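Please consult the sequence and the structure shown here before reading on.

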Amino acid sequence: MSKSQFHPLQFDEKTGEPYLRLPAPYDNIVITPPRMSDAPAIVSNMSDPRLYVWLEGPPHPYLPQDADYWLTNIKAETDLAIEKLRRASVEKPDGSLILVNESPVRTIREIQEDGSELFLGDITIVRERWPDVEDQEAKQALANANAKRELGDPEIVWCFGDYLAASHHGKGIMSAVVQTFIRDWAVPRMGVRQLRVETFADNVGSRRVFEKSGFVHEKTVSVNKVLNSGRTITAMDVLWWKASQ
Ligand SMILES: CC(C)(COP(=O)(O)OP(=O)(O)OC[C@H]1O[C@@H](n2cnc3c(N)ncnc32)[C@H](O)[C@@H]1OP(=O)(O)O)[C@@H](O)C(=O)NCCC(=O)NCCS
């Protein structure tokens with residue numbers, strides 16, 4: 001029997017959403033599409049200094065309308081991926097799996113004993129945009145060339161963004177999420193062959209997650225960034241993951 005175009009995602013019977021389940025002992029954790037109802041949890045996480053001091057993009061202070069705007073945008077991307085996979089199911093009856101440029105799932109949730117789900121965080125994979133390069137023209141040239149590469153091109157450089165609710169830090173969850181996401185979705189369904197990530201140089205935890213997941217430190221780069229929270233960043237670590245062949 002041919003595989004579903006959503007392989008290896010499963011479907012939640014209640015919500016109809018595709019999801020990726022982590023392997024044991026983290027099999028109570030799933031990665032699903034975002035939901036507009038995640039807004040209060042996102043506001044709470046983005047207002048937590050244990051998270052926002054490590055993140056470059058989010059507004060500060062983080063307001064409910066910021067979460068609505070963010071969710072509307074990321075939901076449009078995951079909906080697009082779901083639509084592409086649905087269409088491919090109809091157009092490719094032989095079942096040969098297509099590649100997609102985005103993931104239909106990205107929101108990390110913990111299934112509670114009563115079956116309800118707790119919002120835990122986010123993992124996203126996008127084409128690399130070289131945030132550590134301060135020369136705007138050079139940055140733009142690198143990003144444009146990378147964005148133009150055709151899906152499946154092994155030279156495409158991809159990048160991860162991630163965060164986890166502070167209540168769940170230090171339990172091995174993000175390491176399991178990153179490893180599962182690379183193995184089960186990024187490599188087989190997006191054609192990812194190389195990933196470049198940047199962490200603030202004092203973000204020991206994030207660097208360790210990536211190293212545990214097969215990333216190798218390339219360099220530490222001096223930067224001069226002022227986050228929306230007012231914190232100044234003076235150095236970033238650059239790490240790479242490459243597929244074994
Ligand atoms: C960084 C982050 C994703 C780590 O997630 P996590 O689930 O707590 O990480 P894990 O439990 O999988 O930890 C993996 C390793 O990192 C180590 N680690 C995690 N947080 C650490 C910290 N703050 N300081 C030192 N080591 C840390 C763990 O001890 C573990 O190493 P070990 O297996 O050798 O003991 C999480 O702390 C987070 O969301 N931080 C805020 C947002 C952020 O930094 N995002 C990444 C931006 S680049």
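**The ligand and its surroundings**

Four elements each supply at least two residues of the shell around the ligand: strand 6 (158-164), helix 5 (173-190), strand 7 (194-200) and helix 6 (204-212). Helix 6 gives the most, with six residues. The model is predicted.

Composition of the shell

- The ligand is surrounded by 22 residues, and the closest are Gly170, Gly172, Ser175, Asn203 and Lys212.
- By residue class, the shell around the ligand divides into eight nonpolar, eight polar and six charged residues.

Polar contacts and burial

- Lys212 places a polar side-chain atom 2.7 Å from an oxygen atom of the ligand.
- For Leu164, a backbone N or O atom lies 2.8 Å from an oxygen atom of the ligand.
- Met174 likewise has a backbone N or O atom 2.9 Å from an oxygen atom of the ligand.
- The ligand exposes 910 Å² when taken alone, and the protein buries 72% of that area.

Annotated domain

- An unreviewed UniProt entry carries the annotation "domain: N-acetyltransferase" for residues 29-216.
- Across residues 29-216, the chain is 43% helix and 19% strand.

Notes:
Residues numbered from 1 in each chain as written. Predicted model: local features only at pLDDT ≥ 70, side-chain atom pairs only at ≥ 80, totals over all residues. Heavy atoms only, no water. UniProt positions renumbered as here; feature names shortened; annotations may be inferred. Near = heavy atom within 4 Å. Polar contact = N/O pair within 3.5 Å; in protein donor to acceptor, adjacent residues only side chain to side chain. Areas by Shrake-Rupley, 256 points an atom, 1.4 Å probe, with all protein chains shown as cover. Nonpolar A, V, L, I, M, F, W, Y, C, P; charged D, E, K, R; others polar.
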